[in-house]
Amino acid sequence: MQSLVKQSSNKICYMILPEGIKGDLCDGLKGLSEKHGISVVLIEDVNWNDDLTPWPAAGVFKKAKPFGGKAAAFLDKLTHEIIPETERDLGIEDAERTLLGVSLSGLFAVWSAFNTDVFTNIISISGSLWYDGFVEWMKEQTPSPQLKKICMLLGEKEKNAKEKRMATVEERTLAASDILKAKSQATVTCELVEGTHFSPILPRMERAMMTLEV
């Protein structure tokens with residue numbers, strides 16, 4: 001993991017970002033951290049297709065490797081190793097934790113809402129909620145009672161994806177929002193925003209941070 005900015009508050013946001021966008025976001029994330037008074041930690045060394053998926057499924061593109069479905073093992077590592085070590089190193093006590101994910105890690109963030117009480121807030125940006133069987137699974141689960149805010153943001157053009165499973169993302173994200181509103185005690189925000197799959201990303205992060213403060 002890499003701590004970008006430590007703030008004096010007990011608020012901390014754990015971000016799991018696609019490899020290709022992390023470097024471009026460093027300055028922007030520093031600004032968000034300072035503006036919203038929240039420490040930001042990037043989670044590194046993630047096996048994207050395996051660690052962030054809740055169960056095995058076929059890959060989405062031709063000749064793509066299947067998804068490994070090892071989210072449970074990664075969540076255990078995150079909550080029992082990465083988070084305690086990070087907060088000890090940063091000197092943060094009684095943390096108010098936010099988990100922010102993008103694309104497959106956005107799926108992981110929503111899945112985590114049902115599988116741990118560690119987080120206060122969940123942010124899913126362009127979350128892969130099209131994932132096979134995920135919305136159906138949500139209907140049978142109970143989200144953590146510790147959650148206060150859940151924010152899901154999706155680009156207006158994401159439903160135009162050529163891959164049939166991914167093209168269901170808007171329909172399934174809205175369905176997931178309805179399930180969370182019905183089952184969770186948290187305040188749930190679900191918005192369609194300008195753009196494509198997690199692009200532009202920084203304005204979506206800014207919008208998500210703002211929803212935590214309402």
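How many disulfides does the count come to? It comes to zero, in what is a predicted model. Take Cys151 to begin with: the nearest cysteine sulfur belongs to Cys190 and sits 8.4 Å away.

| Cysteine | Relative accessible area | Class |
|---|---|---|
| Cys151 | 1% | buried |
| Cys190 | 24% | partly exposed |

Now for strand E5, which spans residues 121-125. Five of its five residues are buried, so the strand counts as mostly covered. Which residues point which way? Asn121, Ile123 and Ile125 point to one side of E5, while Ile122 and Ser124 point to the other.

Strand E4 (residues 96-102) runs parallel to E5 and is joined to it by five bridges, with Val102 standing opposite Ile125. To get from E4 to E5, the chain goes through helix H4 (residues 104-112), making a right-handed β-α-β crossover.

Then there's strand E6, residues 149-155, which pairs with E5 over five bridges, again in the parallel sense. Within E6, Met152 is the bridge partner of Ser124. Ser124, for its part, is buried and points the way Ile122 does.

Technical notes: Residues are numbered from 1 along each chain as its sequence is written. This is a predicted model: local features need pLDDT of at least 70, side-chain atom pairs count only at pLDDT 80 or more; totals for chains, interfaces and linings use all residues. Side-chain values use heavy atoms; hydrogens and water are left out. Buried means under 20% relative accessible area, exposed over 50%, partly exposed in between (1.4 Å probe, protein chains only). Helices (H or I, at least four residues) and strands (E, at least two) are DSSP runs, numbered from the N terminus. Two strands pair if DSSP finds at least two bridges between them. A crossover is right-handed if, with the strands pointing away from the viewer, the path from the first strand over the helix to the second runs clockwise. A disulfide is a pair of cysteine sulfur atoms within 2.5 Å.
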